[in-house]
Structures are given as C-alpha cells and as structure tokens.
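This report describes selected strand, helix and salt-bridge features of the structure shown below.

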Amino acid sequence: MPNPVMSELNRLQHIFNSIINELNQTTQQQQVDDVEAIPQLQMPGGLDLPTSETQNSEDNSNTNKVENLFKKLLLIIAICVLLIVFLPIYVIYMILMFLFVFTVSIYNKIHQGKYSNLRNTDPSDIARRFIMNFDERIGNNLAGIDSSDPMEDQDQPNTLIEEGHLGEIGRPDFLECAYSQALYIVKKDIRWLLCYIESGENQECVDFTKEVLVHPVFLKFIKNKNFLVWGGDISDSEAFQVCNQFNITKLPFLGLLCMTVNQIPTSSGMQQSEPVLSLVSKIQGYKDLETTIHKLQRAYSKYNPIVSQLKRDNPESLQGVVRELQDEALQNSIRRIRPLRNSYSREPQRRSREEKRLQWLKWRKSTLEPEPNEPGQYARLAIKFPDGSRKQIKIGKTSSLEKIYATLECMYLNEVELGDATVYQCPDDYEHEYRFRIYTVMPKQIIPMSSNITIEETTSIYPSGNLVVEMVVD
C-alpha cells in the first residue's frame with residue numbers, strides 16, 4: 001500500500017483513540033459528580049441507608065451510561081463506514097494518479113528522444129548548426145546581398161558555393177555536409193581537405209579561432225592553396241568519431257588530408273600502391289599563426305607534386321576538363337548561331353512577344369515585396385549565377401517557390417527599371433517562361449517553379465540553403 005494511505009490510516013487511528021479517551025474521561029467525571037451529589041446519612045454507630053433520592057440518582061447514572069455507550073457505538077460505526085467507503089476510493093485515486101504521472105513521463109521521454117534523433121542525425125543540419133554557432137561566436141553578420149569580393153579561383157566545382165566572404169568578418173568556407181561526403185569529394189576530385197574540430201567550452205579553441213582561423217593571412221593561405229574546409233564540434237557524434245579515428249588528445253585540432261601513394265618493394269623493383277587518403281599534417285592544441293601556416297605549408301610542399309600527378313592521371317578529372325571545354329564550345333556556338341536563327345524568324349511576332357515579356361517583367365517586379373528583416377520569418381539563400389557571381393537574398397518563409405524564380409529573373413538576370421508613379425498591368429494572352437532552372441547544391445535537386453509550395457515546406461532551402469542557377473538552352 002502506498003505511504004500516503006498508511007499515513008492517513010495512522011492519522012484516523014490517532015483521532016479515534018483521542019475520541020475514545022475523551023469519552024472515557026467524561027464518563028468517569030460524570031460518575032464522580034453523581035456520587036458526590038448523593039447525600040449521605042451518617043448515623044453514629046449505624047449503617048448508611050439509601051434513601052429514595054439516592055435511588056433516583058443511581059437510576060440516572062445507569063441511564064447516562066447506556067446513552068454514552070450508545071453514542072460510542074454510533075461513533076465507531078460512523079468511522080468504520082467512512083473507512084469502508086472512502087478508503088478504497090482514496091487508494092484507487094492514488095493508483096490512477098501514479099499511473100497518469102508515469103505514463104506522461106514515459107511519453108515525454110519517448111517524444112523528446114525522437115525529436116532529438118531526427119534533429120541530430122541529419123549531417124546537413126549538424127554542419128549548418130556548427131557554421132551558425134561559429135559565426136555567432138566571432139560576431140559575424142552578413143555584409144549584404146552584393147559581394148564586392150568575388151572568388152578568384154574559378155576551378156571550384158559547381159557543387160560547392162563559398163559564402164564565407166559574404167560576412168563582415170572573413171572566415172573559412174566550411175562545407176555544409178557530412179564528413180564522409182567531404183571525403184568523397186576529396187577522393188573523387190583529388191582535392192585537399194582541411195579538417196577542423198573544436199570545443200565551444202575550450203578557451204584555447206576560442207583564442208585559436210580569433211587569432212588564426214579568421215586572420216586574413218590564414219584565409220588568404222587556404223584560398224590560394226584551394227583547400228576545402230570541414231569543421232565540427234566535439235559535442236557532435238561525427239566530430240567525436242573523427243577525433244577517435246585520428247587519436248586526438250587535445251583541442252583545437254587542425255588536420256590536412258590529401259591523396260597519397262606508398263612505395264611497395266617487390267621482386268621486380270619498387271611499385272606504387274593505389275592512392276589512399278592520408279592525414280599528412282596534424283596540429284593539436286593552440287598554435288600561433290606562424291607555426292600553423294608553417295606546418296601546413298611544409299606538408300603541402302611535400303605532397304602537392306603527388307596530388308598534382310594523381311589529378312592529371314585521374315580519368316574522371318580528365319573527363320571533367322574535357323566536359324568543361326565541350327560545354328564552353330557549345331555555348332560559344334549557341335551565341336554565334338542564335339542571332340542568325342532569330343533573323344530568320346518572323347520579326348513582328350518576335351517583337352510583340354518580347355514587348356509582352358518586358359511588360360510582364362515590369363509588372364512582376366512591381367509586385368515583389370521588400371526583403372523581410374524579422375528574425376525567423378525568412379529564408380537566407382546563397383545564389384551562384386552562371387557567370388560565377390554570387391548573391392545572397394532573403395525571402396519570406398510563407399512565399400511560394402515561384403517567388404524565388406521571379407526575384408532572380410527581375411532583380412538580377414534582367415535589369416528592369418520601373419517608373420516612380422507608373423502602374424503596371426499583367427499582359428493579356430501571355431504565359432511567362434523562365435529560361436533558367438534553380439538547383440540545390442548537395443544533393444543536386446531541382447527547385448520546382450511552383451506557386452503552391454511554400455519555402456518553409458522545402459527543408460532543403462529553409463531556414464537557409466545554397467542554390468545554383470543554370471540557364472536553359474533553347
């Protein structure tokens with residue numbers, strides 16, 4: 001039986017005993033008073049003989065005893081009835097309350113566990129959360145949409161968007177992907193990977209971030225060497241596994257990885273093994289800027305000839321170069337042929353459609369709302385255009401995916417100017433066709449041009465995302 005029930009029974013028993021004691025004391029006092037009230041006839045040398053008045057007093061005393069006994073019985077019966085009726089109800093109530101509290105606690109644990117697993121097992125969310133925490137720690141804010149410092153290295157693959165330069169404080173361009181996916185990119189494209197692991201509660205990590213990672217000299221060094229950068233916090237499971245893999249004993253950790261080959265002695269001479277991904281430089285704990293760059297430069301100078309040779313011998317890399325040359329030649333041919341083809345088309349019809357298209361662009365631009373600035377009410381999108389330029393825009397989370405296409409078409413791909421007091425109307429008998437497509441970065445998926453799907457329903461771009469614009473060839 002639960003402890004509250006036992007305590008309640010003990011309290012009732014104590015009350016019951018107190019009532020019985022008071023009744024007994026009252027009865028005894030009544031008897032003493034009755035005895036004292038009877039007059040005594042004392043005769044010298046004789047016996048005390050009861051009178052009629054004495055007899056009446058004895059009868060009254062007997063009557064009072066019977067009444068007191070009857071009251072005691074009624075009180076005992078009432079207490080027993082209360083215990084029989086209310087005690088089971090109280091026990092059932094306590095059991096139900098215990099079961100309810102137990103069920104609610106179990107449900108909360110299961111529900112919280114499911115939410116935590118769904119949130120923590122997504123590598124993109126973990127990487128994005130690390131980057132946001134990193135920016136918050138260094139006090140970084142977005143510098144704006146226009147980027148005045150475009151990336152100089154054009155041999156970056158189209159699957160990566162570098163947006164570290166868009167902030168007020170420069171930082172490494174961390175990959176928003178899992179560590180395994182970063183290794184896949186390094187192996188496939190024969191690249192260099194700089195792996196950084198920290199702990200937000202370690203003061204050495206904070207000092208290393210401020211004095212090394214965001215230093216302009218370090219940023220220029222990794223940019224000139226064309227390093228990919230992946231970062232993580234030791235509190236995340238993936239970064240913790242990386243630490244165990246490399247036997248990291250002190251944070252912050254900075255490791256440089258690349259593809260290497262080993263010389264294997266055989267009976268016919270030395271032969272090279274298959275390329276393997278290796279950790280060629282390992283920095284543990286706080287190191288100053290000069291020491292950090294010196295160690296990375298020494299490893300880069302030693303292994304870069306091997307990496308360059310592997311890149312030249314890699315068939316996929318050669319196919320990528322050939323594909324880029326073919327695409328460039330195709331685009332040049334299209335640009336040369338398009339004026340000739342348009343000259344043979346019907347000029348009036350073409351002019352009419354182009355005028356309607358321009359009218360539609362002006363009308364659509366006049367309907368675009370300004371960028372929202374309320375936190376949590378917009379999606380932050382980093383856009384890479386076909387000419388290599390990069391922009392960053394904010395679009396309300398309740399807007400449709402079609403608004404992304406309209407914003408890029410009216411604001412960036414076509415410079416449409418509006419009059420101050422002009423009211424624009426949508427042209428009749430005109431259906432606008434967007435001549436480009438928008439894709440996510442990793443994995444590469446097309447963003448549909450839909451007016452029914454909102455941005456907040458698309459997890460690949462909300463609350464932030466990297467997008468690539470590709471023109472459609474007619």
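A residue is called buried when its relative accessible area is under 20%. The model is predicted. Four of the five residues of strand β9 (residues 436-440) are buried, so β9 is largely enclosed by the rest of the structure. Strand β9 runs antiparallel to strand β10 (residues 464-471), and five bridges join the two. Within this pairing, Tyr-439 has Val-468 of β10 as its bridge partner.

Helix α3 (residues 123-138) packs against helix α5 (residues 203-213): their axes come within 11 Å and cross at roughly 80°. The two helices α3 and α5 are therefore roughly perpendicular to each other. On the α3 side, the contact involves Phe-134, Arg-137 and Ile-138, which meet Val-206, Thr-209 and Leu-213 of α5. By class, this contact has four nonpolar residues, one polar and one charged.

The whole structure contains six salt bridges, among them the following.

| Salt bridge | Closest N and O atoms |
|---|---|
| Glu-176 with Arg-128 | 3.6 Å |
| Glu-198 with Arg-137 | 2.7 Å |
| Lys-188 with Asp-189 | 3.6 Å |

Glu-176 lies in the loop between α3 and α4 (179-189) and Arg-128 in helix α3, so this pair ties together parts 48 residues apart in sequence. Glu-176 counts as buried at 16% relative accessibility, and Arg-128 counts as buried at 12%.

Glu-198 forms its salt bridge with Arg-137; Glu-198 lies in strand β1 (residues 192-198) and Arg-137 in helix α3, so the pair ties together parts 61 residues apart in sequence. Glu-198 is buried at 2% relative accessibility, whereas Arg-137 is partly exposed at 26%.

Lys-188 is partly exposed, with a relative accessible area of 35%, and Asp-189 is partly exposed at 23% relative accessibility.

Key
Residues are numbered from 1 along each chain as its sequence is written. This is a predicted model: local features need pLDDT of at least 70, side-chain atom pairs count only at pLDDT 80 or more; totals for chains, interfaces and linings use all residues. Side-chain values use heavy atoms; hydrogens and water are left out. Buried means under 20% relative accessible area, exposed over 50%, partly exposed in between (1.4 Å probe, protein chains only). Two strands pair if DSSP finds at least two bridges between them. Axes are lines fitted to C-alpha atoms, for helices over the stretch in contact, and angles run from 0 to 180 degrees between N-to-C directions. Angles under 35 degrees count as roughly parallel, over 145 as roughly antiparallel, 65 to 115 as roughly perpendicular and the rest as oblique. Contact means heavy atoms within 4.5 Å. Ala, Val, Leu, Ile, Met, Phe, Trp, Tyr, Cys and Pro count as nonpolar, Asp, Glu, Lys and Arg as charged, and the others, Gly among them, as polar. A salt bridge is a side-chain nitrogen of Lys or Arg within 4 Å of a carboxyl oxygen of Asp or Glu.
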